[in-house]
Amino acid sequence: MGTDRYAYQSRLRRVSPMPKLLLTAVALVLCLCCDSVAVGLFTLILMGVLITALGGLSPRVYLHFLKVPLIFLVIGCLTIVAGAYPAGTEMVAAIPVGDSLWGFTADGLWLGGRIFCKALGAVGCMYFLSLNTPVTDLTMALEKLHVPKLLVELMELIYRFIFVLAETASNIRTAQDSRLGYQGFRRSVSSLGMLSSMVFLRAWRKAERIYTALESRGYTGSLTTLTDAYRPGWGLLPLTALAAAGQIAIWFVEGRLLG
């Protein structure tokens, strides 16, 4: 089930989710607040080292997971960096279109680089949490932090139904493929439309059956789960302090060099 498969195999699986959540939150907040290229890259590399060294995840798998947000970040940053400017503007690279110049300025490239690196660092933080902490452990940690119970249960149900939708869509797609439902453009569009409508109808029916099953087992409006036996994970607290110190030191040095 997505990242959960690797989270259950992680060497940090039996560590309490609280110190992992603290490390993620501190690194994430500092990465976003520093608004720095160097801090973003440092956070990404640091989280990758922790995921592979402490969690035991293969670097190849970690880099594979980075491909997914990387595509969206590149496209998003390009829309920020590129733009139309009046003729005569100092540009790094530009194409004249009518009375305007379409291209990149030095300030635009610097802004896009900061956003890109900052977002990558934030992705690294979230991967550290998701690749080492199953969702059930995370929701129990949120309950201990007194997050509203309704919000936690909605998170659990929404996360579960992501995979219900994916499984339903996969089964329908397999059935359509076996009937040559994607041979030709018109047939492919028709099959895709039918798949989209049937996925939600079947998922809705399955949701009703699950709710009926919950009520038959004494569901009273809240999901009760047993807490697992965790290791305290005190060793992550010094790592949290070291990571925060490293981020602040790099931000300070970068500011002095650029200033």
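Q: What makes the largest nonpolar core a nonpolar core, and which residues have the most contacts inside it?
A: A nonpolar core is a set of buried Ala, Val, Leu, Ile, Met, Phe, Trp, Tyr and Cys residues joined through side-chain atoms within 4.5 Å. The largest set of this kind has 23 residues, and Ile51, Leu57, Tyr62, Tyr127, Phe128 and Leu131 have the most contacts inside it. Two or more residues each come from α2 (17-34), α3 (37-53), α4 (59-81), α5 (106-130) and α9 (236-258). Another core, of 6 residues, lies apart from it and includes Leu21 and Leu138.
The model is predicted: local features need pLDDT of at least 70, side-chain atom pairs count only at pLDDT 80 or more, and totals for chains, interfaces and linings use all residues. Residues are numbered from 1 along each chain as its sequence is written, and side-chain values use heavy atoms, with hydrogens and water left out.

Q: Which residues is Leu131 in contact with, leaving aside neighbours within four places in sequence?
A: Contact means heavy atoms within 4.5 Å. By that criterion the partners of Leu131 include Thr3, Tyr6, Ile51, Leu57 and Phe65.

Q: Why is helix α6 called mostly covered?
A: Buried means under 20% relative accessible area, exposed over 50%, and partly exposed in between (1.4 Å probe, protein chains only). In α6 (residues 135-144), 7 of the 10 residues are buried, among them Asp137 and Leu138. The buried residues of α6 pack against α1 (3-9), α2, α5 and α7 (149-178).

Notes:
Helices (H or I, at least four residues) and strands (E, at least two) are DSSP runs, numbered from the N terminus.
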